Amino acid sequence: MSEPRSRLASAPLLLGEHPAGGRQVKKGLLSGAQLRDTPLTGALRRALGAGPGALPLALPEELWSKALTGPARDFLQRPGKDFRARLVALCWALGGGAAEELPDELPLLVEILHAGSLIVDDVQDDSAARRGAPALHRVCGVPLAINTGNWMYFWAFDLLGRARLGAATRLAIYRRLSRTLMRCHEGQALDLTVRVGELERPLVPRVVASITRLKTGSLMAFCGYVGARAASAREQLVRSVARCCRDVGVGLQMLDDLGGITSRARADKGLEDLRHRRSTWPWAWLAEVADPGTFAEAQRRLCLADDERDLQRVAELLRERVEALGRSRVADHLGGALARLGAAVGGAPAVVELEREIEQLKQSYG
């Protein structure tokens, strides 16, 4: 899912107080003087300085900087939405946890997981940019970027091991984390191989829904699970919170895909989706409303597109046919998720805060 900026409401832990403007990097890793300290880079510094996950101190720092810490810092100091960290804090509150008792490691580890996945996704998609700068593999090379992204997955496990949690709670979150990573990779496998131009029309909505639930939905559900489970919420509430977060993630992915064909500011993202023939929500909605001949013609145009102008024509076709339907589906999906959560927890302040957060994100997606 792409990452338009969003202003976060006040929270016990805020990740990333960044200027609004993006920074462009011509080539090479940022120097120490250029790096901006954030909670994520601060966590990196602490993680590498002491404890079981520390790097071997016998080696010179410049070796580790070139091999790992430099690429990791470069990526982690870039501006992001940090919505997943905020979501963990909100779900901790929904589970009955006091704000001042939320372990710092829990919001951090979901942002670390997300960062690692973005680095690897950018390699697999050969993306040009991420978070206002060149994609990491274009800065330090593909092998180093893959290693850095994968290392962040394991760093998340290490952060979980450091959090102040009971043994049973920690084990439950470990298991959920492992399952989440499996689901995300299953979704990515489909996203990398399935091309919408090759699918039979009735199959398209099911494929798009499956990819979204596995990739975006699984990680968002993990955010809800971590917050509520760590707060010792009852099991039924933990399930309700995780399900709501999954559905919010699916709704935001719908909005992200729709913005790619309707928002001028996000046109590059939409053209990238079309260039890679990705199975996105506009195609799922078109499959629902178009007759077989119309859908087949749209697929034909996509498969024959060989330049940006051709892709823009396909985007215009999709926009004309599904924009209104897509906005209605997004509103229904997000509204339904919040309504179900409200029914499960009542009028909790955290639900109202989540509603505000989603409204801000909806504006940013265009």
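Among contacts in the protein chain between residues at least 6 apart in sequence, what percentage join residues at least 24 apart? The figure is 78%, with contact defined as heavy atoms within 4.5 Å.

The model is predicted: local features need pLDDT of at least 70, side-chain atom pairs count only at pLDDT 80 or more, and totals for chains, interfaces and linings use all residues. Residues are numbered from 1 along each chain as its sequence is written, and side-chain values use heavy atoms, with hydrogens and water left out.

The protein chain averages a pLDDT (the predictor's confidence in each residue, from 0 to 100) of 86. At least 70 is reached by 85% of the residues. Over residues 4–28 the pLDDT stays under 50. The model still has 62 contacts beyond four places in sequence for residues 4–28. Residues 30–35 also have a pLDDT below 50, with 8 contacts beyond near neighbours in sequence.

The protein chain has 14 helices and 2 strands. These are DSSP runs numbered from the N terminus: helices are H or I, at least four residues, and strands are E, at least two. Of its 366 residues, 54% count as buried, that is, under 20% relative accessible area, against over 50% for exposed and in between for partly exposed (1.4 Å probe, protein chains only).

The largest nonpolar core has 102 residues. Such a core is a set of buried Ala, Val, Leu, Ile, Met, Phe, Trp, Tyr and Cys residues joined through side-chain atoms within 4.5 Å. Leu-106, Leu-109, Leu-113, Phe-222, Trp-283 and Leu-286 have the most contacts inside it. Beyond four places in sequence, Leu-286 touches Phe-295, Ala-298, Leu-317, Leu-318, Arg-321 and Val-322.

The whole structure holds 2 cavities of 30 Å³ or more. A cavity is a set of points, on a 1 Å grid over the protein atoms alone, where a 1.4 Å probe fits but cannot get out; lining residues have an atom within 4 Å of a point. The largest cavity has a volume of about 60 Å³. Its lining includes Trp-283 and Leu-318. Helix H9 (235–262), helix H10 (267–275) and helix H11 (281–289) each give two or more residues to this lining. H10 gives the most, with 3 residues.

Ser-127 lies in the loop between helix H4 (105–125) and strand S1 (129–130). Ser-127 counts as buried because its relative accessibility is 6%. Leaving aside neighbours within four places in sequence, Ser-127 contacts Asp-122, Ala-135, His-137, Arg-138 and Glu-272.

Methods: 1 Å grid on protein atoms, 1.4 Å probe; cavity = no way out; pocket = protein on both sides within 12 Å on 5 of 7 lines; lining within 4 Å. Points joined across faces, edges and corners; volume = space filled by probe spheres on them.
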